[in-house]
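Q: Can you walk me through this one? I'd like a helix and then a sheet.

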Amino acid sequence: MSLSLLSRLQMLEAICKHWEGPISLALYLSDAEAQQFLRYTQGSEVLMSRGNVGYHIVYKEGQFYPVNLLRNVAMRQVNTPYMFLSDIDFLPMYGLYEYLRKSVVQLDMANNKKALVVPAFETLRYRLSYPKSKAELLSQLDMGTLFTFRYHVWTKGHAPTNFAKWRTATTPYRVQWEADFEPYVMVRRDSPEYDRRFVGFGWNKVAHVMELDAQEYEFVVLPNAYMIHMPHAPSFDITKFRSNKQYRVCLKTLKEEFQQNMSRRYGFAALKYMTAENNS
């Protein structure tokens, strides 16, 4: 079994220990990896004890990782009224599932277009003593064991979350969309899908959040929710993005195409996305 597949499956076990709710999981595997995945799952006490995890295998094809296609596959299989959109490298806080269920009622999500933001943090330590409360998380942040997610490479992705405000917040607060915002959110099941043209690294979530904003979703940050990105080796796609000029040129063309589509669909309201991109 490849090291990356093994580490992802171990991560899935960890997620299951933190999140007792249903999970819809898309996996991108070769035939051989699908067999290894099956054997691993059958030998895992944690995974075998769960009856509410759906595994959806997409077989490998082509050279790029179709990240947004996979997200859409997982979303289409969701059978709950709301879904929290996460990635495999994140460990949700203990109790997040119940907290989100309560927030749905508290914020009347059934009758409002809201995207509830779960603030994202990261650690560079493989062995992290996972914080059991916001107070513990803040003290690890102050000690430098944790950081706000991607603060050192891509602050714009999560800057609108307003971590300074979150530190002392006790009630949910609304934030405005800004260029390159890509928070992790809980939304209603009927919310828009991801744009599957974005493959590999770059803009795959930014485009989706832009679409939510264009459809007038309110972004509301939850004061007692958090998730932590765990360290792993850089993906093949991020390596390509950093080293291959052609890859970056293609991504730029795709971004422009996406923005033109937005203008056609949302008209005047989509102008802000064009100007935000030009200023960034």
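Q: What do the buried residues of α6 pack against?
A: This is a predicted model. In it, the buried residues of α6 pack against β6 (120–122), β7 (147–148), α7 (163–168) and β11 (227–229).

Q: Which residues in α6 are buried?
A: Helix α6 covers residues 134–143, and K134, L137, L138, Q140 and L141 are buried there. Looking down the axis of α6, these buried residues fall within an arc of 160°, so they line one face of the helix.

Q: And which exposed residues are on the face turned away from the buried side?
A: A135, D142 and M143.

Q: Changing topic. What is the strand order in the open sheet of five strands?
A: The order is β3-β9-β5-β10-β8, and the pairing is mixed.

Q: Which are the edge strands?
A: β3 (82–84) and β8 (173–175). Each of them pairs on one side only.

Q: How many degrees does the twist average from one strand to the next?
A: The average is 30°.

Q: Back to β8. How many bridges join it to β10, and do the two run parallel or antiparallel?
A: Three bridges join β8 to β10, which spans residues 218–221, and the two strands run antiparallel.

Q: Which residue in β10 does V175 stand opposite?
A: F219 is the residue in β10 that stands opposite V175.

How values were computed
Residues are numbered from 1 along each chain as its sequence is written. This is a predicted model: local features need pLDDT of at least 70, side-chain atom pairs count only at pLDDT 80 or more; totals for chains, interfaces and linings use all residues. Side-chain values use heavy atoms; hydrogens and water are left out. Buried means under 20% relative accessible area, exposed over 50%, partly exposed in between (1.4 Å probe, protein chains only). Helices (H or I, at least four residues) and strands (E, at least two) are DSSP runs, numbered from the N terminus. The arc is that of the directions from the helix axis to the C-beta atoms. Contact means heavy atoms within 4.5 Å. Two strands pair if DSSP finds at least two bridges between them. Axes are lines fitted to C-alpha atoms, for helices over the stretch in contact, and angles run from 0 to 180 degrees between N-to-C directions.
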